[in-house]
Amino acid sequence: MDMTPFFFGLYKLVKYGVYPLTWVAGFACLTLILAWLPPTPARRRRLRLASTMTCLLLLLATAPVIAKPLVSILEGWPPAQPARSEAPLQAIVVLGGAIYDKGTLRPSIELSPDSRLRTLCGAELYRQGLAPTVLITGGDTSLFGSGPTLAAAMKEWAIRLGVPEAAILTDDRARTTYENALGAKRLLGDQTSILLVTSAGHLWRATALFEKQGFRVTPAACGFHAKHRVADLWNELTLFDFLPSSWALERTTEVAGEAVGMAVYRLAGKL
């Protein structure tokens, strides 16, 4: 069953609740409040604790030496290249990432880099002859109002990359990975052997959800952020890995989002 708008919004809100920057901002606000209240011994202790937690969380969330192993663990699960399946593959399923709506500055709808790369990976696998059909799945993920659908924009991009329009199926209703799997089951059936294409950090959860729906999944990862597996990271450790980085904050946020996604789906009985 698809998520209602309320539960879709609640799911997104829960993910924001575990993002590192949310916690950093929360402790920073608490520090500010305590600093402005009349001082007492108890408040001074709380102020020291809150300020320490703010600094500690910020350092941990922005340190590449922390982010790199976490991303390597997350992305190291699937194979780097899709393994040849024993059973014939019926379809290449490409999951949508994000889309940017047009506005007063942006003249037209644009796919996010993740969406473009996933479509490119799917098109390349199709050109290799791995499956006769490409299913692109992704709907309108706007929390308020309506916006463009991912599947339509990604289909246009796939056609420009050389995939025949007749070989493309689209699901423009899915807003979450779970709904991606439900839509694919509706269009392809539940006993289909598929090549599942998505970003490396998303593939673990996506594969589990599609297998839960009865698909025989061959994972195809693209868009790696990690260069090495965990065991090989320490050979290239430098001073810069201990310095704060916006890249590291993005990666720890991604890992936190995937972790809460897995937890929510397990609690809901979807995995």
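**Cores, salt bridges and a surface patch**

Colleague: Which residues does Ile92 touch, not counting those up to four places away in sequence?

Modeller: Ile92 touches Gly122, Leu125, Tyr126, Ala131, Thr133, Val134, Leu135, Leu195 and Val197, with residues up to four places away in sequence left out. Please bear in mind that this is a predicted model.

Colleague: Which residues have the most contacts inside the largest nonpolar core?

Modeller: They are Ile92, Ile136, Val163 and Val197, in a core that has 27 residues.

Colleague: Which residues does the second, separate core include?

Modeller: The second core has 14 residues, and Val93, Leu196, Phe210 and Ala221 are included in it. As background, nonpolar side chains in soluble globular proteins tend to be buried together.

Colleague: Let us turn to charges. How many salt bridges does the count come to?

Modeller: The count comes to eight salt bridges. One of them joins the side chains of Lys68 and Asp241, at 2.8 Å from N to O.

Colleague: Where do Lys68 and Asp241 lie?

Modeller: Lys68 is in helix H4, while Asp241 is in the loop between helix H9 (230–233) and helix H10 (246–267), so the pair ties together parts that are 173 residues apart in sequence.

Colleague: Is Asp241 buried or exposed? And what about Lys68?

Modeller: Asp241 is buried, because its relative accessible area of 5% falls under the 20% limit. Lys68 has a relative accessible area of 32% and is therefore partly exposed.

Colleague: With which residue does Arg205 form a salt bridge?

Modeller: Arg205 forms a salt bridge with Glu258, and the closest N and O atoms are 2.8 Å apart. This pair also links distant parts of the chain: Arg205 belongs to helix H8 and Glu258 to helix H10, 53 residues apart.

Colleague: Are Arg205 and Glu258 buried or exposed?

Modeller: Both Arg205 and Glu258 are buried. For Arg205, the relative accessible area is 4%.

Colleague: What is Arg205 in contact with, leaving aside its neighbours within four places in sequence?

Modeller: Apart from those neighbours, Arg205 is in contact with Tyr11, Lys15, Thr177, Glu258, Gly261, Met262 and Tyr265. Arg205 itself sits within residues 200–212, the span of helix H8.

Colleague: Which residue does Lys227 meet in a salt bridge?

Modeller: Lys227 meets Glu236, at 3.3 Å from N to O. Lys227 is exposed, because its relative accessible area of 64% is over 50%. Glu236 counts as partly exposed, at 41% relative accessibility.

Colleague: A change of topic, to the surface. Which residues form the nonpolar patch there?

Modeller: Leu56, Leu60, Ile66 and Leu70 form the patch, and together they have about 300 Å² of accessible area.

Colleague: Where is Leu56 placed, and why does Leu56 count as partly exposed?

Modeller: Leu56 is in helix H3. Leu56 counts as partly exposed because its relative accessible area is 41%, which lies between the limits of 20% and 50%.

Technical notes. Residues numbered from 1 in each chain as written. Predicted model: local features only at pLDDT ≥ 70, side-chain atom pairs only at ≥ 80, totals over all residues. Heavy atoms only, no water. Patch = residues over 30% accessible without salt bridge, like charges linked within 9 Å, V, L, I, M, F, W, Y side chains within 5 Å. Areas by Shrake-Rupley, 256 points an atom, 1.4 Å probe, with all protein chains shown as cover. Salt bridge = Lys/Arg side-chain N within 4 Å of Asp/Glu carboxyl O. Helix = DSSP H or I, 4+ residues; strand = E, 2+ residues; numbered from the N terminus. Buried < 20%, exposed > 50% of the residue type's maximum accessible area, 1.4 Å probe, protein only. Contact = heavy atoms within 4.5 Å. Core = buried A, V, L, I, M, F, W, Y, C linked by side-chain atoms within 4.5 Å.
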